[in-house]
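Please read them with the sequence and the coordinates open.

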Amino acid sequence: MDRIDREILGVLQRDARISYRDLGVRVGLSANAAADRVRRMRRDGVIRGFTTLVDPAAEGGGGLVVFIDVTLRLDATNEEFEKAVARLPGITEVVHVTGEHDYLVRARAADPAALDGLLRRLKKEAGVAHSNTRIALRAATRPAP
């Protein structure tokens, strides 16, 4: 990866729907050259995919947005945990982190009872030994469009 690839990634992180023509203008390339670089970064696994960020307030339905710090049991593996959480409803993001905990899980739960059910399933089905849950009150910042 060179400086232009990093510039392309920065632009795509702010607006993944930008046209190759506009992307090329932003980084000083032709549309075809910009497209070729994006395709190469996708093929090489640098770009793993594109996603849509949804404002939780716009989703409606209320509910809770929670952040769960997770510590795995000694007999649990990262691979088993990641497979198990992929099957659990409401989980929107799972990040392997450094520090006191093994993972940070972001999830949505309809109400406290649903959150309790999710926490119980994490411990029973995903190898979680300890968790610490925080409820989001509001988003202080929004991702740039």
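A polar contact here is a pair of N or O atoms within 3.5 Å, where, within protein, one atom must be able to donate a hydrogen and the other to accept it, and where residues adjacent in sequence count only if both atoms are side-chain atoms. The model is predicted, so that local features need pLDDT of at least 70 and side-chain atom pairs count only at pLDDT 80 or more, while totals for chains, interfaces and linings use all residues. Residues are numbered from 1 along each chain as its sequence is written, and side-chain values use heavy atoms, with hydrogens and water left out.

1. Overall make-up. The protein has six helices and four strands, the helices (H or I, at least four residues) and strands (E, at least two) being DSSP runs numbered from the N terminus. Along the sequence they follow the pattern α-α-α-α-β-α-β-β-α-β. Of the 145 residues, 30% are buried, where buried means under 20% relative accessible area, exposed over 50% and partly exposed in between, with a 1.4 Å probe and protein chains only. Among contacts with a separation of 6 or more, 63% come from residues 24 or more positions apart, contact meaning heavy atoms within 4.5 Å.

2. The ends and length of H6. Helix H6 takes in residues 112-125, and its 14 residues reach 20 Å from the first C-alpha to the last, close to the 20 Å expected at 1.5 Å a residue; the expected span is 1.5 Å times one less than the number of residues. At the N-terminal end the cap is aspartate 111, which has a side-chain oxygen 3.1 Å from the backbone nitrogen of alanine 113. After H6 comes glycine 127, with a positive phi near 75 degrees.

3. Helix H2. In H2 (residues 20-27) the buried residues are Leu23, Gly24 and Val27. Their arc around the axis is only 100 degrees, which puts them on the same side of H2, and they pack against H1 and H3. Arg21 and Val25 are exposed on the face turned away from that buried side. Glycine 28 follows H2 and has a positive phi, near 80 degrees.

4. Helix packing. Two packed helices are described by the angle between their axes and the distance between the axes. Axes are lines fitted to C-alpha atoms, for helices over the stretch in contact, and angles run from 0 to 180 degrees between N-to-C directions. H2 and H3 pack at about 95 degrees with axes 7 Å apart, which makes H2 roughly perpendicular to H3; angles under 35 degrees count as roughly parallel, over 145 as roughly antiparallel, 65 to 115 as roughly perpendicular and the rest as oblique. Here Tyr20, Arg21, Leu23 and Gly24 in H2 meet Ala31, Ala34, Ala35 and Val38 in H3. H1 (residues 3-14) and H3 (residues 31-43) pack at about 85 degrees, with axes 11 Å apart, and are therefore roughly perpendicular to each other. This contact is made by Ile4, Asp5, Ile8, Leu9 and Leu12 of H1 and by Arg37, Val38, Arg40 and Met41 of H3.

5. Aspartate 69 lies in strand E1 and is buried, with a relative accessible area of 12%. Its side chain is joined to that of arginine 134 by a polar contact of 3.1 Å. Beyond four places in sequence, the contacts of aspartate 69 include His101, Tyr103 and His130. Histidine 101, in the loop between E2 and E3, is likewise buried, at 19% relative accessible area, and its side chain makes a polar contact of 3.1 Å with the side chain of threonine 71.

6. Leucine 74. This residue lies in the loop between E1 and H5 and is exposed, with a relative accessible area of 90%. The C-alpha atoms of leucine 74 and glycine 127 are separated by 8.6 Å, the two residues being 53 residues apart along the chain.

Terms used: Arc of directions from axis to C-beta.
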